[in-house]
Amino acid sequence: MSAKQNILAKLRKSLTGTTPLADNFDEALVTEPWRYAPEQRIAQLRKLMEAVHTEIHLTTAADWPQRVAQLMRERQLPSLLIAPATAHGQQLTAYWQQCGDLPPLKAYDRPVEDWKAELFNDTPASLTGTLGAIAATGSLIVWPTPQEPRLMSLVPPVHFALLNASEIHDNFYEVQQKFSWAAGMPTNALLISGPSKTADIEQVLAYGAHGPKDLVVLILEDR
Amino acid sequence: MSTQSLIPTVEVQDDFRARAHKALGDQQLRNNFRSAMDSLMTKRAVAFSDAHEREHLRALGNAIRARALSKLPDLLEQLEQNLTRNGVKVHWAETVDEANGIVLSIIRAHEARQVIKGKSMVSEEMEMNHVLAEQGIECLESDMGEFIVQLDHEKPSHIIMPAIHKNAGQVASLFHDKLGVEYTKDVDQLIQIGRRVLREKFFEADVGVSGVNFAVAETGTLLLVENEGNGRMSTTVPPVHIAVTGIEKVVENLRDVVPLLSLLTRSALGQPITTYVNMISGPRKAEELDGPQEVHLVLLDNGRSQAFADSELRQTLNCIRCGACMNHCPVYTRIGGHTYGEVYPGPIGKIITPHMVGLAKVPDHPSASSLCGACGEVCPVKIPIPALLRRLREENVKAPDSPHQVMRGQGSKYSRKERMIWNVWTRLNTSPRLYRLFGFFATRLRQLVPSNVGPWTQNHSAPKPAARSLHELAREHLAKQDKH
């Protein structure tokens, strides 16, 4: 008998004569304490995300590329990794071309194997979109795609993330239901709630453990 | 940093009592644990400020885990089907040796030399680092705490905070000695040193290994929580990802993880959520530009099916590994994690370890508790830990000829003499005539009680019966009243 058959046989034998317990999931317990008026959602998200050192800027659908350029100048970032095939990637590229004197944009447009060393050693910042956010826990929802791959939100030390204000949801349960997550999950789905951190030495909180040291969220208020 | 210098971990010496005695005398260790546990308890209390909400959520967490266990074999098969459909290869292992064999064969198939590991307690059960090192394969821990203990040839002393027994000064010396960096006690700088060393390793690694916090049967999703990003690195950068987990980690529905996640991060760290919640449902698709080409899941039994066989002990498998029981345990806080000598310390360790290694190997585990009840009170999935400890105490002294074989190593503390004394004691207390006779002689012969009564008199004065028993005094009193 295989290990699988042995394990399952043992478990089944132990359950002989029992019936599976009923599903009495009470959704009120995970939704009601975590509801916010629409006008409170940004404030709630902001409170939680700023408490863990996330930088948050309020801007608009038209102005955000300019804000990114300004933030890059302030931080003296020498380049920015973007997803060129996404709408926000194209909007940023257009703005960059129009300005002309900004640090270069890098495109994540080929398999990581082709440029892994550059990604790790020479990519100081990245910009990605988000699918929205969760006010209850202060989390961004990120579903990496072929156009905007997983490592964009992980390897570069500074991560800029765009968030539409209208896509801030109350709680994780609501997000799962509203977008039917159970019907089909992507290869990788993420909730990101701040820059990478650790308290493994003496419980002292330190930011910039293995992922981004800075998470900068641009909230587009009019979108 | 050679491979060899990272391999052996310090062997556990002596028995539990000797180790406990030594730990109690180590003031530095006690300070490190006391301050860490105090801070973790406070953080949890703040995160669950609404007791009403907390208690309802704990009840829901318990119901979800109990429901999952009530259909565990079906859910495991559903999980395997959905993961396979998603392109993940599922393996089953009854023992840690089998699990290591599976991991090794995957590594060999890729001719891999370097493995980077995110935090995984199941891989500690397997002693994976050691097994791989024997085969000339470097397996490096990437969680900061795990990295520190591996560097010092130690094992984790806490399941969430592996290096909590060390202070910054001790880490500073360790990094200075082992990594050749300048001595610094600044925690930010120490973390940046770890980041630098490990980034290189993430970059080079051929295989990434991780644990799993929840495996969702409905969607075939492996959910991992973490703050550092090393889990995402280990599961995203190397071309192969191997996840190892216990068979009990499965939940039925994706929505089930909503309350469990909240219970887990608030109980463990007092955080509303961890920095990253990483949900993995498959390897890289053809059109995707990164992520592992192969994802494997190893499902390990290692004694879990033994706990599962008994409906009371089955509750042990509710555990979501938050560590709150150890944070609140007066015994753990005083003796630290290493004293337990096994992978899982503290209250949860005392009830799960006997199933993994046999009760005979850890005979002191069930009794290393004051039964104060704190662990059961804080457990987010309501495991009745004190009741299970009492149950294991019973199993520990079960007669060898008992027809009920519950667990490996049961009866390891059985003593015929002790059993006989208890039988006599039971008889004395259940027969009124014998009891009166015993009371008469115990009071009259009270001077004969020896002054040294075994372990009792180490910390107490010897028990000395009163001159007259309460029964006798009451009878005399009533007789006097009748005269008046």
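The points below treat chain A, the sheets, selected helices and a few individual residues.

1. The model is predicted. Chain A contains 7 helices and 12 strands. Along the principal axes, the C-alpha atoms of chain A fill a box of roughly 75 × 45 × 40 Å.

2. Of the 223 residues in chain A, 57% count as buried. The accessible surface of chain A comes to about 9,300 Å², and carbon and sulfur atoms account for 50% of that surface. Among the contacts in chain A with a separation of 6 or more, 76% involve residues 24 or more positions apart.

3. The charged side chains of chain A comprise 19 positive and 24 negative ones. The centres of these two sets lie 8 Å apart.

4. Is β9(A) mostly covered or mostly open? The strand is mostly covered, with 5 of its 5 residues buried. N188(A), L190(A) and I192(A) point one way from β9(A), whereas A189(A) and L191(A) point the other way, and all are buried. Strand β6 (residues 139-142) of chain A also pairs with β9(A), in the antiparallel sense over 3 bridges. I141(A) has L191(A) as its bridge partner in β9(A).

5. Chain B has an open sheet of 6 strands, in the order β1-β10-β7-β4-β2-β3 and with parallel pairing. Here β1 (89-93) and β3 of chain B stand at the edges with a single partner strand each, so one side of each lacks a neighbour in the sheet. From one strand to the next, the twist averages 20°.

6. Two pairings within this sheet may be followed in detail. Strand β7 (residues 240-246) of chain B and strand β10 (residues 294-300) of chain B run parallel and are joined by 7 bridges. V244(B) stands opposite V298(B) in β10(B). Helix α4 (residues 72-86) of chain B packs on the sheet, touching β1 and β10 of chain B, and its direction makes about 145° with that of β1(B).

7. Strand β2 (residues 114-117) of chain B is joined to β3(B) by 4 bridges, and the two run parallel. Q114(B) has E138(B) as its bridge partner in β3(B). Strand β3 (residues 138-141) of chain B is covered on both faces: E138(B) and L140(B) on one side, and C139(B) and E141(B) on the other, are all buried. Helix α10 (residues 187-204) of chain B lies across β2 and β3 of chain B and runs at about 120° to β2(B).

8. I351(B) counts as buried because its relative accessibility is 1%, and buried means under 20%. Leaving aside residues up to four places away in sequence, I351(B) touches T316(B), I383(B), I385(B), L388(B), L389(B) and L392(B). I351(B) and T316(B) are 35 residues apart in sequence, and their C-alpha atoms are 6.8 Å apart in space.

9. Two backbone angles call for a check. Most residues other than glycine have a negative phi. Q76(A) has a positive phi, near 55°, and lies in the loop between α4 (64-75) and β2 (80-82) of chain A. Q76(A) is exposed, with a relative accessible area of 69%. L371(B) likewise has a positive phi near 55°; this residue is found in the loop between α16 (346-357) and α17 (374-378) of chain B. At 28% relative accessibility, L371(B) counts as partly exposed.

Methods. Residues numbered from 1 in each chain as written. Chains lettered and ligands numbered in written order. Predicted model: local features only at pLDDT ≥ 70, side-chain atom pairs only at ≥ 80, totals over all residues. Heavy atoms only, no water. Buried < 20%, exposed > 50% of the residue type's maximum accessible area, 1.4 Å probe, protein only. Pairing = 2+ DSSP bridges. Contact = heavy atoms within 4.5 Å. Areas by Shrake-Rupley, 256 points an atom, 1.4 Å probe, with all protein chains shown as cover. Lys, Arg positive; Asp, Glu negative; His and termini not counted. Charge placed at Lys NZ, Arg CZ, Asp CG, Glu CD. Axes fitted to C-alpha atoms, helices over the stretch in contact; angles between N-to-C directions.
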